[in-house]
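We'll go through a pocket, the nonpolar packing and some charged pairs.

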Amino acid sequence: MIYPIIIFIYMSILFIIGTIKKNNSIVDVGWGLGFIVIAISTLLFSNNYSPTRIIISALVIIWGTRLSTHIYKRNRNKPEDFRYMEMRKKFGKHILIKSYLYIYMLQGLLMAIISLPIILNNTYKSNINAFTIIGIIIWITGFIFESIGDYQLKRFITNPNNKGKIMDKGLFKYTRHPNYFGESLMWIGIFFTSIIKFNSLIGIISPLLITYLLVYVSGVPLLEKAFDNNLAYQEYKKRTSKFIPWFRKENI
């Protein structure tokens, strides 16, 4: 299959850009765009523009564009993310090869696995079915959660009156990470949309993997680590659901 080669070339280009700019945060901006590259390339190589292929590709393009634009605006004119700064110190004189392997190629591998529903959908002959409708509804719900969550957090952070305070209003009243929950939902939706035949079920690895990464690896843990010594946030943690939205605990 040509798709691993496309991902390899794409991540290698990102590595070159990040090395020239001396800022590996570029990989975060390139994450969403990478899925767009996969969606468009698999669609074009399929040479069959059926409704489901158009739908799933459109969903991925919308998600990837919004995510990459959001991260680009957030990181613009800012120094390299603290995660990559720590890696830079840790890698030392082997910074180039280790960054290439552990940052870019590793994310490329994850991208290839998570893209499985897109590749399956754009490879097999498909028609709109009940799973397509269910998937679209789930995806829209996730998109709303992620978009509103990011918007509410941005407004909160940019308000100087909120300096030193913890965001616990809006969607953040029901989950500490509405944007991550929304992203997980969108990939569950993409999986459902891609269900064509029995062997399509292997695509379940996509939402499972990205949800695991968000909850236990690169999302929630890294973000909440910065608040380990914040008493207000620790109180917020006790009362508010970690991931799946739920009513706040009042009597603690």
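## Pocket, cores and salt bridges

Helix 2 (26-46) and helix 3 (51-75) each give at least two residues to the lining of the second largest pocket. Helices here are DSSP runs of H or I with at least four residues, numbered from the N terminus.

Some housekeeping: this is a predicted model, where local features need pLDDT of at least 70, side-chain atom pairs count only at pLDDT 80 or more, and totals for chains, interfaces and linings use all residues. Residues are numbered from 1 along each chain as its sequence is written, and side-chain values use heavy atoms, with hydrogens and water left out.

Back to that pocket. By type, the lining splits into four nonpolar, four polar and three charged residues. In this count Ala, Val, Leu, Ile, Met, Phe, Trp, Tyr, Cys and Pro are nonpolar, Asp, Glu, Lys and Arg are charged, and the others, Gly among them, are polar.

Now for the greasy part. In soluble globular proteins, nonpolar side chains tend to be buried together. A nonpolar core is a set of buried Ala, Val, Leu, Ile, Met, Phe, Trp, Tyr and Cys residues joined through side-chain atoms within 4.5 Å; buried means under 20% relative accessible area, exposed over 50%, and partly exposed in between (1.4 Å probe, protein chains only). The largest core has 47 residues, and those touching the most other members are Met-11, Trp-31, Phe-35, Trp-63, Met-111, Ile-114 and Trp-187. Helix 5 (residues 95-114) supplies the largest share of this core, eight residues. A second, separate core has six residues, including Phe-156, Ile-166, Phe-172 and Tyr-233.

What does Ile-114 touch, leaving out residues up to four places away in sequence? Its partners are Trp-31, Phe-35, Trp-187, Ser-206, Leu-209, Ile-210 and Leu-213, with contact meaning heavy atoms within 4.5 Å.

On to the charges. The structure holds nine salt bridges, each one a side-chain nitrogen of Lys or Arg within 4 Å of a carboxyl oxygen of Asp or Glu. Here are some of them:

| Pair | N to O distance |
|---|---|
| Arg-83 and Asp-28 | 2.7 Å |
| Lys-237 and Glu-224 | 3.8 Å |
| Arg-239 and Glu-235 | 3.2 Å |

Arg-83 sits in helix 4 (residues 82-91) and Asp-28 in helix 2, 55 residues apart, so this pair links distant parts of the chain. Asp-28 is buried, at 11% relative accessible area. Asp-28, Asp-81 and Arg-83 are also linked in a salt-bridge network.

Lys-237 is in helix 11 (residues 231-239) and Glu-224 in helix 10 (residues 220-225), so their bridge ties together parts 13 residues apart in sequence. Lys-237 is partly exposed at 28%, whereas Glu-224 is buried at 8%. Arg-239 and Glu-235 are separated by about one helical turn because they are four residues apart in helix 11.
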